[in-house]
Amino acid sequence: MVLGGGGADGTGCELGGRDAAMDAALQALYGGAGDKEGRRQGQGQGQGRERTAGLGGSAPAVARWLGDIRTYFPSSVVQVMQRDAIDRLGLSALLLEPEMLEAVEADVHLVGTLLSLNKAMPETTKETARAVVRKVVEELEKRLSTRTRATLTGALDRSARVSRPRHHDIDWNRTIAANLKNYLPEYRTVVPERLIGYGRASQSVKKEVILCIDQSGSMAASVVYASVFGAVLGSMRSLNTRLVVFDTNVVDLTEQLDDPVDVLFGTQLGGGTDINRALAYCQSQISRPAETVVVLISDLYEGGIRDEMLKRVAAMKASGVQFVTLLALSDEGAPAYDREHAAALAALGAPAFACTPDLFPEVMAAAIEKRPLPISDTAAA
């Protein structure tokens, strides 16, 4: 399908009805440089080409446009167009108006934008913004929580090894490996003198998890997903979960873990980055190194002391901590990141890679069981 405009734009096919309306909605956002310049100078005063649309700086015009794109395009396309409108046309300020928030299609990226505007948001808008954020968070929890709990519960069970297991609790792979010296060639079998089994996780705390999240502007989607996962992990009795966010300062949001919306509104996207300071705080919270998993979520652009940061990671790993570095926790893949720091962490045995929300439970399960992380070739740094 070709969308055209006045005089059929040389296609020989004039648009009308619904097609013309779709074309106008697209033109308002994706018009050429001349159209964009016209919008900057205050379009809507009857100047310029007749076909020029544009959103201008008018809230009613934007609200009508948002309604139009929801009418003509599927939700996934609407979310992309909204994101482009915010980036291309500078519409962030309009999101501070309650009626605008009620008109948008909520998604992770919109939540990130709202969080970046949090400090500038008037009181009249905050309740609407919280409702929008809560809707997205609840949808993410519904999508991610069941599988996360099931995956990690299994990992916690398997991580509690026992030496006198019942038959159905025997870990045959480890049992065979431990008894290879007892192989009898004539019978082509291994005599299992020593059994290794899976323990069953009790309701007591088995593992400590610290999520350490970079809240610089580029990490917005990761902050949203990490807050949701933090709430899910925090609800599991066998895990003691701590959530820490940082820029040049460090804020412990563990007390808000029961409500990820409170966690998100406790963040402040943007600002500098001091990974070393954040890791120093996390290190101070570790009491059982061999039972602790630290997850650093950052693009690794360090504004603090690089060598100290690397020394802290090395010290934590030497003490028995399972250290995981995620360049992003989102569906978009790895953002721009500091490759030198990523390589240095990989040399310490903490490879840095981007992780999708669907893969995160498997990454955590592997860390809990102290087995190799499921890093795909495309995700590795």
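In which helix does V80 lie? I looked this up first in the predicted model and found V80 in helix α4, which covers residues 75-89.

**V80.** I then checked the exposure of V80: its relative accessible area is 36%, so I recorded the residue as partly exposed. I also took the separation between V80 and E105, which stand 25 residues apart along the chain; their C-alpha atoms are separated by 9.9 Å.

**Helix α1.** I compared the length of α1 (residues 17-30) with expectation. Its 14 residues should span 20 Å at 1.5 Å a residue, and the end C-alpha atoms are 20 Å apart, which agrees. Within α1, I noted M22, D23, A25, Q27, A28 and L29 as buried.

**W172 and its patch.** I located W172 in helix α8, residues 172-178. Together with I176 and L180, W172 makes a nonpolar surface patch of about 300 Å². I recalled that an α-helix has 3.6 residues a turn, so residues three or four places apart point the same way.

**T267.** Is T267 buried or exposed? I found a relative accessible area of 1%, under the 20% cut-off, and therefore logged T267 as buried. I placed T267 in the loop between α10 (260-265) and α11 (275-284). A polar atom of the T267 side chain lies 2.6 Å from the backbone oxygen of L264. Setting aside neighbours within four places in sequence, I listed L115, N118, Q215, V223, V245 and L253 as in contact with T267.

Technical notes:
Residues are numbered from 1 along each chain as its sequence is written. This is a predicted model: local features need pLDDT of at least 70, side-chain atom pairs count only at pLDDT 80 or more; totals for chains, interfaces and linings use all residues. Side-chain values use heavy atoms; hydrogens and water are left out. Helices (H or I, at least four residues) and strands (E, at least two) are DSSP runs, numbered from the N terminus. Buried means under 20% relative accessible area, exposed over 50%, partly exposed in between (1.4 Å probe, protein chains only). Patches are made of residues with over 30% relative accessible area and no salt bridge: like charges are joined within 9 Å, nonpolar side chains (Val, Leu, Ile, Met, Phe, Trp, Tyr) within 5 Å. Accessible areas come from the Shrake-Rupley method with a 1.4 Å probe; for residues, only the protein chains shown count as cover. A salt bridge is a side-chain nitrogen of Lys or Arg within 4 Å of a carboxyl oxygen of Asp or Glu. The expected span of a helix is 1.5 Å times one less than its number of residues. A polar contact is a pair of N or O atoms within 3.5 Å; within protein, one must be able to donate a hydrogen and the other to accept it, and residues adjacent in sequence count only if both atoms are side-chain atoms. Contact means heavy atoms within 4.5 Å.
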